[in-house]
Amino acid sequence: VEKRADVLVYSPPPLERDVEVTGPVTVTLWAATSATDTDFTAKLVEVRPDGYAQNLQDGIVRARFRTSAAQPAFLTPGQVYRFDIDLWSTSNRFLKGHQIRVEVSSSNFPQFDRNPNTGHAFGMDTETRIAHQTIYHDEEHPSHILLPIVPTN
């Protein structure tokens, strides 16, 4: 999955010390799309020194429900929006030499239902559209992951 062109992989260098992450994890993306509705997904991954990547947590936001589950709001293609992705809670000690990785994509099927990117009612589409996504990383649009770090001895 990490080698696919539609998956962004953020991998800092291996940890210089153990790091414990315990509590709610969220990813905030500042993004624009070519679609009126799309999904953004994120995964928290632990990478061992031998390269094995273990998925720990994942989450999704359906763009039309980014501000309310009851009141859908479609997107204006090309406009930058904030998307908060709840990766739920975790408790994991990342060992020295391991990496904390974040993967971002627009799909995580079959974990989450597909989004045809049309904006139509779900289950009613006979077509799908490609959504071209842009993730922003600048002072005005600080995409990031929020990890609750617990002090370790």
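Predicted model: local features only at pLDDT ≥ 70, side-chain atom pairs only at ≥ 80, totals over all residues.
What is the volume of the largest pocket?

Residues are numbered from 1 along each chain as its sequence is written, and side-chain values use heavy atoms, with hydrogens and water left out.

View 1. The largest pocket has a volume of about 480 Å³, where a volume is the space filled by probe spheres set on grid points that are joined across faces, edges and corners. A pocket is an open set of points on a 1 Å grid over the protein atoms alone, where a 1.4 Å probe fits, with protein on both sides within 12 Å along at least five of seven lines, and lining residues have an atom within 4 Å of a point. The lining consists of 26 residues, of which D6, S106, S107, A131 and Q133 lie nearest the centre of the pocket. Strands β3, β6 (99-105) and β7 (133-136) each supply at least two residues of this lining, and the largest share, three residues, comes from β7. (A strand is a DSSP run of E with at least two residues, numbered from the N terminus.)

View 2. D39 lies in strand β3 (residues 39-47) and is buried, with a relative accessible area of 1%; buried means under 20% relative accessible area, with a 1.4 Å probe and protein chains only. The side chain of D39 makes a polar contact of 2.7 Å with the side chain of R62 and another, of 3.0 Å, with the side chain of N115. A polar contact is a pair of N or O atoms within 3.5 Å; within protein, one must be able to donate a hydrogen and the other to accept it, and residues adjacent in sequence count only if both atoms are side-chain atoms.

**View 3. The cluster of F40, Y81 and F83.** The structure holds two aromatic pairs, rings of Phe, Tyr or Trp (its six-membered ring) being paired if their centres lie within 6.5 Å. The rings of F40 and F83 have centres 4.7 Å apart and planes at 40°, so this pair is tilted, a word for planes that are neither under 30 degrees apart (stacked) nor over 60 (edge-to-face). This pair links distant parts of the chain, with F40 in strand β3 and F83 in strand β5 (residues 81-94), 43 residues apart. The rings of Y81 and F83, with centres 6.3 Å apart and planes at 55°, also form a tilted pair.

Technical notes:
Helix = DSSP H or I, 4+ residues; strand = E, 2+ residues; numbered from the N terminus. Buried < 20%, exposed > 50% of the residue type's maximum accessible area, 1.4 Å probe, protein only.
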